[in-house]
Amino acid sequence: MNLKLYFKTISVFVFSFLLYPAILFSEELKTNTTTEIPKQPSVAKEEPVKLTPMDKYEGVFEHRLQFRMGIGFGKLSPAILNETGPAWFLNSIMRQANEPTAPLAIPYKITKDLDTIPQYRDITYGWKNKFEIQYAEDRTIGKYDRDKPASNNFFSPRTNNYWASAFEGNRLLRFEGESQHFRFSYTHPITDRFMIGPSINFHRYTEKNKISYGSYSTSRPEAPVPDKATWSIGGDANAEYSMKGILPGIYTKVKLKDWWEVRGRIELLDRKGDFSVLGSQIIQETSQSMNALTAVLPAYGGKVHDKGTLLQIESSFRYCRFSLDIGMIRQDVQRKYSTYLGDTVGSVAKVDYSARSIGVGFSEMSSSIKHTVTEFYIMPGVSFMYDQDGIY
């Protein structure tokens with residue numbers, strides 16, 4: 001055997017024997033290094049909760065019961081005085097048909113706006129800030145004397161029987177207007193800050209006016225009773241109104257902050273009812289042959305209708321269960337009489353001291369009269385809330 005070939009064969013065998021474990025190790029290493037590492041489970045990112053406009057607007061309690069009381073100041077332009085000027089003027093013109101020498105009653109001084117003191121109280125139940133049931137009362141009071149501009153004045157030019165004169169017609173001594181409101185409201189969120197919806201108000205209104213009359217005339221020597229001065233020196237009458245109606249409206253809310261909300265309400269005011277005027281008037285008649293005091297009785301009544309708008313705007317500030325509301329109420333009313341009947345009963349000739357209606361008040365029924373009230377108020381309140389967690 002070739003010794004050289006033999007050693008070559010032995011060398012290949014030994015080399016292969018030594019190389020085999022290395023090849024196995026390298027394959028195992030390759031297998032281990034190429035094995036995929038198991039993926040860790042991915043954690044899903046939490047999506048932000050999408051809130052509806054209602055959730056954003058309310059976000060507090062399901063039920064709410066609120067009590068409020070307040071006071072304010074206001075301005076009044078009363079219909080009871082505004083109607084006197086045009087009505088007495090027209091009455092005196094109509095009287096000329098039967099009594100051509102009767103004096104005209106020409107108004108030359110109208111009533112200015114009068115100060116009032118309003119008072120308020122209400123209770124409101126709310127459900128999820130959408131539905132509200134409210135019972136509210138407001139009372140407006142004004143007391144006036146001769147230093148206040150609570151009257152209207154007239155001028156009478158000279159006639160064949162009367163000298164020219166100036167006199168006071170009606171004077172308002174006291175005004176009291178009281179309203180009761182029973183409201184149902186629904187507001188729907190349009191955005192996360194603004195809500196709007198319909199409301200309906202079952203409304204009742206009473207008005208009490210204490211008025212006096214101040215009339216003056218002096219007859220000329222040519223008159224049937226010459227040189228007679230006629231004065232209204234005292235007495236007063238109560239003019240009372242009782243009305244009711246159903247007022248539709250729109251109610252809005254704007255939440256500027258979590259603690260600050262602005263609310264607005266406008267209602268179509270439409271109320272009807274009855275009125276009555278009853279009182280006494282003391283007349284003094286003075287001439288060369290007489291000096292007498294005589295009582296006459298004004299008595300009137302009929303049907304009355306108020307139509308217009310009622311606007312309320314208030315800014316509400318809240319801290320926990322307590323609130324403070326600052327607002328304004330404006331009533332723009334046109335008053336009209338569908339029936340006006342009555343007379344002033346007495347022995348003194350009415351042409352001497354008054355231009356009020358006789359029998360049927362065509363003059364009072366001929367036009368509508370303005371009646372406006374503007375009030376600013378402040379109302380603190382307290383609320384009690386309830387939801388699934390209990391009462392707060």
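Which strands each supply at least two residues of the nonpolar patch? They are β1 (63–77), β3 (114–127), β4 (131–143), β6 (165–186) and β8 (194–213). Strands here are DSSP runs of E with at least two residues, and helices are runs of H or I with at least four, numbered from the N terminus.

**View 1. The whole chain, as a predicted model.** This is a prediction, so local features need pLDDT of at least 70 and side-chain atom pairs pLDDT 80 or more, while totals for chains, interfaces and linings use all residues. Numbering runs from 1 along each chain as its sequence is written, and side-chain values use heavy atoms, leaving out hydrogens and water. You'll find five helices and 18 strands.

**View 2. The nonpolar patch on the surface.** Among its members are Leu-65, Phe-67, Tyr-125, Phe-184 and Phe-384. Together the patch residues have about 970 Å² of accessible area (Shrake-Rupley method, 1.4 Å probe, only the protein chains shown counting as cover). To join such a patch, nonpolar side chains (Val, Leu, Ile, Met, Phe, Trp, Tyr) lie within 5 Å, on residues with over 30% relative accessible area and no salt bridge (Lys or Arg side-chain nitrogen within 4 Å of an Asp or Glu carboxyl oxygen).

**View 3. Phe-67 in strand β1.** Phe-67 is partly exposed, at 36% relative accessible area (between the 20% and 50% cut-offs).

**View 4. Strand β10 and its partners.** Look for Thr-218 opposite Ala-229 and Thr-230 opposite Glu-285.

Methods: Patches are made of residues with over 30% relative accessible area and no salt bridge: like charges are joined within 9 Å, nonpolar side chains (Val, Leu, Ile, Met, Phe, Trp, Tyr) within 5 Å. Buried means under 20% relative accessible area, exposed over 50%, partly exposed in between (1.4 Å probe, protein chains only). Two strands pair if DSSP finds at least two bridges between them.
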